[in-house]
Amino acid sequence: MTTPLMLFLAVLGHVLLAAHALRQGEWGLAAALAALPLLLLTRLGAARLVSGLVLVLGALVWVQAGLSFVGMRLALGQDWLRLALILAAVMLASLGAGLWLLGRRAQELFHRNRAVELPQTAAFALAAGLLITARAKASVPVLLADRFLPGSGWLEILALALYAAWLAGAFMAPPRHRELRPRVWALFSAVFFGQLVLGLLGLQDLLMTGRLHLPVPALIAAGPLFRGSGLFMAILFSATVLFVGPAWCSHLCYIGAWDDACSRLGPKVPRPVSPRWTLWGRFTALVLTCGGALALRLLGVDGLTAAWLAAGFGLVGVGVMLVVSRRLGVMAHCTAFCPIGLIGNVLGRLIPWRVRIDRALCTRCGTCARACRYSALSDQDIEAGKPALPCTLCGDCVGACPHEAMHYRFPGLANATARAVFLTLIAALSAAFLGVARI
Ligand code: SF4
Ligand code: SF4
């Protein structure tokens with residue numbers, strides 16, 4: 001008897017929250033809340049946790065609504081007791097159903113994919129939180145859905161949060177992460193550039209603001225130095241590094257996906273770039289782009305000339321991908337040419353995410369080195385038990401090692417937990433970037 005009653009209260013709780021949102025004029029939020037109980041039909045562990053969290057947060061909404069309604073009635077000298085009792089009952093029903101879904105009793109009913117229910121729920125919540133914040137704070141409608149149908153951004157947030165949850169679940173198995181990563185990354189890049197091309201062809205809504213800039217990663221650092229303003233991309237990049245270290249360059253960069261695709265057209269076994277190039281090649285590019293940007297600014301060079309120079313730099317980079325990456329099967333552009341890759345690697349060292357080799361399990365078979373497209377695993381690196389500077393935490397070696405000797409590490413966390421937390425963050429960021437990254 002308890003289970004049908006609690007399920008009924010759970011569905012009712014969502015419907016009442018949806019009605020409350022509709023009353024506030026948020027039809028998109030109302031539709032998203034009304035759709036959420038459908039997730040319970042999947043019997044997925046994450047569905048009960050997401051739904052439970054929404055109902056518990058919903059109880060707080062009812063407390064706040066109750067206080068404000070009662071306050072209004074008191075101010076008008078009207079009867080308030082009946083209303084307060086009704087809202088208290090709704091709040092208790094929402095809280096009770098939420099806690100029941102979060103508790104042990106509901107676990108048996110929602111038994112599917114229990115092993116990944118926590119990462120999936122966390123990825124859902126984080127992606128939704130990031131997108132809700134971006135939507136609330138941005139000075140322009142940042143979500144595409146809102147631009148075409150105002151208010152429907154909530155449905156886009158729901159769709160992207162579900163995508164994050166799916167990604168997190170799929171990433172939990174190392175070989176699946178290795179297989180999916182390039183596809184998810186390529187999809188993001190295709191959506192990013194697809195929007196740019198369609199925007200330039202006249203669909204202005206697909207551009208962020210209409211103030212265009214070149215999609216050359218080096219400009220993340222060089223652009224603000226030349227303009228003296230426009231720190232958005234630099235802040236986005238730094239925030240990403242703060243969350244996931246250098247993984248911008250293996251999961252989130254719109255251009256890196258091209259280098260990844262080019263390297264995969266080359267030999268199956270990558271021919272690594274020498275450490276001299278990975279450090280000094282990129283350092284030279286950093287000095288040239290940042291020093292050049294400052295010099296252009298001091299010389300008073302106009303924006304158009306600077307843009308042509310930046311476009312030239314970007315085109316040389318594309319040439320490096322098409323010729324060198326394709327020939328060697330490694331990401332030559334990202335590991336030897338792109339200055340942002342070097343900044344990501346160096347700043348990423350300040351964040352404690354690492355990939356490490358368990359030397360007790362490692363047989364020195366070299367399978368991990370053959371999986372690494374970032375030239376980060378020489379024989380010496382394997383012997384030392386840690387990848388070299390160009391490592392971007394892509395995880396390909398973790399999925400490739402037949403002896404399970406490669407691990408993600410984070411101080412204080414067990415290896416499996418560190419990997420789950422790291423990939424949950426990546427899944428949430430991938431979904432959020434898909435929703436908001438455009439030029
Ligand atoms: S190295 Fe540069 S192009 Fe490559 S992924 Fe990183 S920022 Fe992007
Ligand atoms: S060492 Fe492993 S995690 Fe680091 S870049 Fe190479 S394959 Fe990716």
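Q: How many residues does helix 11 have, and what distance does it reach from its first C-alpha to its last?
A: In this predicted model, helix 11 covers residues 232-244, which is 13 residues. The reach from its first C-alpha to its last is 18 Å, close to the 18 Å expected at 1.5 Å a residue.

Q: Which residues of helix 11 are buried, and why do they line one face of the helix?
A: The general idea comes first. An α-helix has 3.6 residues a turn, so residues three or four places apart point the same way. In helix 11, the buried residues are Phe237, Thr240, Val241 and Val244. Seen down the axis of helix 11, these buried residues fall within an arc of 100°, so they line one face.

Q: What covers the buried residues of helix 11, and what does the face turned away from them carry?
A: The cover includes helix 10 (219-227), helix 12 (248-252), helix 17 (339-348) and helix 21. The face turned away from the buried side carries the exposed residues Ile235 and Leu242.

Q: Which residue follows helix 11?
A: Gly245 follows, and its phi is positive, near 60°.

Q: How is the contact between domain 2 and domain 3 to be read?
A: Domain 2 comprises 113-212 + 412-439, and domain 3 comprises 244-404. In the contact, 19 residues of domain 2 meet 17 residues of domain 3. On the domain 2 side, helix 9 (174-200) and helix 21 (415-436) each supply at least two residues. Helix 9 gives the largest share, 12 residues. By class, this side of domain 2 has 14 nonpolar, 3 polar and 2 charged residues.

Notes: Residues are numbered from 1 along each chain as its sequence is written. Chains are lettered from A and ligands numbered from 1 in the order in which they are written. This is a predicted model: local features need pLDDT of at least 70, side-chain atom pairs count only at pLDDT 80 or more; totals for chains, interfaces and linings use all residues. Domain bounds come from an automatic or database domain assignment. Two residues are in contact if their C-beta atoms, placed from the backbone, lie within 7 Å. Helices (H or I, at least four residues) and strands (E, at least two) are DSSP runs, numbered from the N terminus. Ala, Val, Leu, Ile, Met, Phe, Trp, Tyr, Cys and Pro count as nonpolar, Asp, Glu, Lys and Arg as charged, and the others, Gly among them, as polar. The expected span of a helix is 1.5 Å times one less than its number of residues. A residue is buried if 20 or more other C-beta atoms lie within 10 Å of its own, exposed if 12 or fewer, and partly exposed in between; C-beta atoms are placed from the backbone. The arc is that of the directions from the helix axis to the C-beta atoms.
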